[in-house]
Amino acid sequence: MSKVLIIGAGGVGGVVTHKCAQLPEVFSEIVLASRTEEKCKAIAAQLDRPIKTAKVDADNVAELTTLLEQEKPDLVINVALPYQDLTIMDACLAAGVDYLDTANYEPLDTAKFEYKWQWAYQDKFKEAGLTALLGSGFDPGATNVFTAYIAKHYFDEIHELDIIDVNGGDHGYPFATNFNPEINIREVTAECRHWENGEFVETPAMSKKRHLPAQKKSVPTIFTVCIMKNWNH
């Protein structure tokens, strides 16, 4: 059993906290921290088991480090904003705590998605004897695991893989997104970078349209559809 400290109390943070709370044999203690502790307390009130909450500024390495040294978790799960990844990684290095996130780092003022900034931490974490597991959300993350599994156990060939995010409802808001609205907008307006014919290809945002193929006996394309409904369930 282990102690986990979750940073971020938005929609994804709520889901992660609920799922960790369902596994007391794995996560024996849970601390949920955010800049706004009231959001953490609101999530805690939804659970069937008690968890601890805390206030922390994810942009402040010293403040993060102090919290980690006080709580001494075995793992930090970062579900804050992507441009806060590096400060949280710095704090984990300073406090000697393993790290996991769901989205790659991107600069605050530029919607640019690549792992070079976090990969630069490889030697630091290795020398410290710590683990940093990156991009463990749904896509990439779970979809990577699903794809690797079906490629190994079910298919001889996979010619094309499409991952389609679908919002399952309006959530009662006039503007509803699958996750943080700012990050969602940045993603759909940034250049698309995908793997095609053995290399990464970049295309302008919204420049291509795809249609699901009609049902056939043999369809060469595998579609992984991610249905995002109520984040709290």
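## A buried glutamate and what surrounds it

Glu71 counts as buried, at 9% relative accessibility (buried means under 20% relative accessible area, exposed over 50%, partly exposed in between, with a 1.4 Å probe and protein chains only). Keep in mind that this is a predicted model, where local features need pLDDT of at least 70, side-chain atom pairs count only at pLDDT 80 or more, and totals for chains, interfaces and linings use all residues. Residues are numbered from 1 along each chain as its sequence is written, and side-chain values use heavy atoms, with hydrogens and water left out.

So what does Glu71 pair with? Side chains of opposite charge can pair when their charged atoms come close. One partner of Glu71 is Lys3, with the closest N and O atoms 2.9 Å apart in a salt bridge (a side-chain nitrogen of Lys or Arg within 4 Å of a carboxyl oxygen of Asp or Glu). Glu71 lies in helix H3 (residues 61-71) and Lys3 in strand E1, so this pair ties together parts that are 68 residues apart in sequence. Helices (H or I, at least four residues) and strands (E, at least two) are DSSP runs here, numbered from the N terminus.

Lys52 is partly exposed, at 45% relative accessibility. Put together, Lys3, Lys52 and Glu71 make a network of salt bridges.

A search of the whole structure turns up six salt bridges. Another of them joins the side chains of Arg35 and Asp57, at 3.3 Å from N to O. Here the link runs between two loops, with Arg35 between E2 and helix H2 (37-44) and Asp57 between E3 and H3, 22 residues apart.

Now for the sheet. Strands of a sheet pair through backbone hydrogen bonds, either parallel or antiparallel. E1 (residues 2-7) and E4 (residues 75-78) run parallel and are joined by four bridges, with Val4 opposite Leu75 in E4.

Buried residues of H4 include Leu86, Ile88 and Met89. Just after H4, Gly96 takes a positive phi of about 75°.

Away from that sheet order, E8 (residues 192-196) and E9 (residues 199-203) pair in the antiparallel sense over five bridges. His194 has Val201 as its bridge partner in E9. The hairpin has two residues between its strands, and Asn197 takes a positive phi near 55°.

Last, the aromatics. Among the four aromatic pairs found in the whole structure, Tyr115 and Trp119 are stacked, at 5.7 Å centre to centre and 25° between the planes. (Rings of Phe, Tyr and Trp, the last by its six-membered ring, pair if their centres lie within 6.5 Å; planes under 30 degrees apart count as stacked, over 60 as edge-to-face and the rest as tilted.) Trp119 is exposed, at 58% relative accessible area.

How values were computed. Two strands pair if DSSP finds at least two bridges between them.
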